[in-house]
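Let us go through this structure step by step, from its overall division to its packing and then to its ligand.

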Amino acid sequence: MGYNILSKVIELTDSNEKLAERLKGVALELNAHLPFDDSSIYLWNHKEKTFTLSAAAGSSTERKHFYSKGEGLPAEVRKKRRTIDRESTDLDPMKISALEKTELDNFRYAKLYPLISNDLFYGVLYLKAIKKPRLSPRREEMLTVIAKQLSASIQCETNYTRLKRMHREREKLRERLVHAEKIMALGELSATLAHEIRTPLVNIGGFTARLKKELGENTCAKYVDRMSTEVTRLENIINNILSVADEHKLDLKAHSLDSLTAEPIEIFKDSCASHNITVRTEQLTDPAPLVMADIDQIKIAFDNIIANAIQSMDKGGQLTVSSQREGEFAVITISDSGGGIPPELMGDIFNPFFTTKERGTGLGLTITHKIITRHGGWITAKNNDTCGVSFTVGLRSINNHSAITK
Ligand SMILES: Nc1ncnc2c1ncn2[C@@H]1O[C@H](COP(=O)(O)OP(=O)(O)OP(=O)(O)O)[C@@H](O)[C@H]1O
Ligand SMILES: [Mg+2]
């Protein structure tokens, strides 16, 4: 042959390029040095049950990009799990003549090799020629070895991707664990502290109110006013800390997904109008997903998200609340256009006391996170295309529509 295709294919498949690039290199190589006029590699998608064209080289003008389940010669290869060619005697002649119109276009001959490694099917190597080529037994064997080499390479890539995904999931789990631990530590320490502080604080608040009354129009009244505002602020912080530590039993009832956000949206309506913020809701009906929720708690969770969104859009913008289904989860996304969160801070926003605001306590999202996870749900945040943040909350949906309470 004067040219060693096999070692070139091994070199290409073992390279550090992306899988698509490596397969493309192999297709070009085969097409340049074998007596075929067109070489394609189709990968089998186990989930969708389809073949997708991954790499190709050659003269075909109408190469198919996609084969659905059971369609064409690739499906025959998957069924038989062996090499077939246009002349294989066990192929249905009717099917072949139909294929000539749809699949083989002007090629008279085709040969397909299964890409199988460790008994797992990954796709097909599909070679076409205008005229049936003469292949020596050595070349036949070499093509089988090339298909095996391709399969092994695809399998490595699949395993590597799976390993990377598992590693990412483990990292996420670890982050969640660290977060849960932080909250527990915060819960134990600050709940005791908050408890001790609350009673004297309530007393100070009461005395301040009395003092204000006694002072009447006195010039010192403005200082008492300030005291009163600060005491209210401290009371809010204490209540927030206590609610992070709160472990009271949830009062779960079935609610339609959209009813969970309806009140928080209503509460912030005036605030949105005065900040020049337009509110858009895209709700799921027909039928609306149902979730089991402690409505008072869930409202607090959404209040915090919406309050942050409004605070981020002090010069106006758009608040969008939309709902959708994602498998067993009913999902609500709340998006703003308030500038987004710097990527380096994204990992901190759910941490207790993390705030970038002058008068923030950094407990809003901690409380929200805790409420959602206590419901068995999840919450994520990411910067969106409208220069803002999208918070997505997933709550397990139930199918019992008769249980609607709202
Ligand atoms: N929609 C948003 N746009 C931009 N930044 C946000 C948004 N939501 C949250 N953040 C960032 O996350 C931080 C934490 O939010 P969180 O609600 O926990 O605390 P806070 O709003 O600062 O204080 P508070 O306890 O009063 O709610 C914020 O300080 C802000 O930096
Ligand atoms: Mg907040």
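The C-alpha centres of domain 1 and domain 2 lie 48 Å apart, the bounds being those of an automatic or database domain assignment, which gives 5-163 for domain 1 and 251-406 for domain 2. This is a predicted model, in which local features need pLDDT of at least 70 and side-chain atom pairs count only at pLDDT 80 or more, while totals for chains, interfaces and linings use all residues. Residues are numbered from 1 along each chain as its sequence is written, chains are lettered from A and ligands numbered from 1 in the order in which they are written, and side-chain values use heavy atoms, with hydrogens and water left out.

In soluble globular proteins, nonpolar side chains tend to be buried together.

Ligand 1 is surrounded by 19 residues, of which Asn308, Thr355, Thr356, Lys357 and Thr361 are the closest, a residue being counted if one of its heavy atoms lies within 4 Å. Among the polar contacts (pairs of N or O atoms within 3.5 Å), a polar side-chain atom of Thr361 lies 2.4 Å from an oxygen atom of the ligand, and a backbone N or O atom of Gly362 lies 3.0 Å from an oxygen atom of ligand 1.

How values were computed
A polar contact is a pair of N or O atoms within 3.5 Å; within protein, one must be able to donate a hydrogen and the other to accept it, and residues adjacent in sequence count only if both atoms are side-chain atoms.
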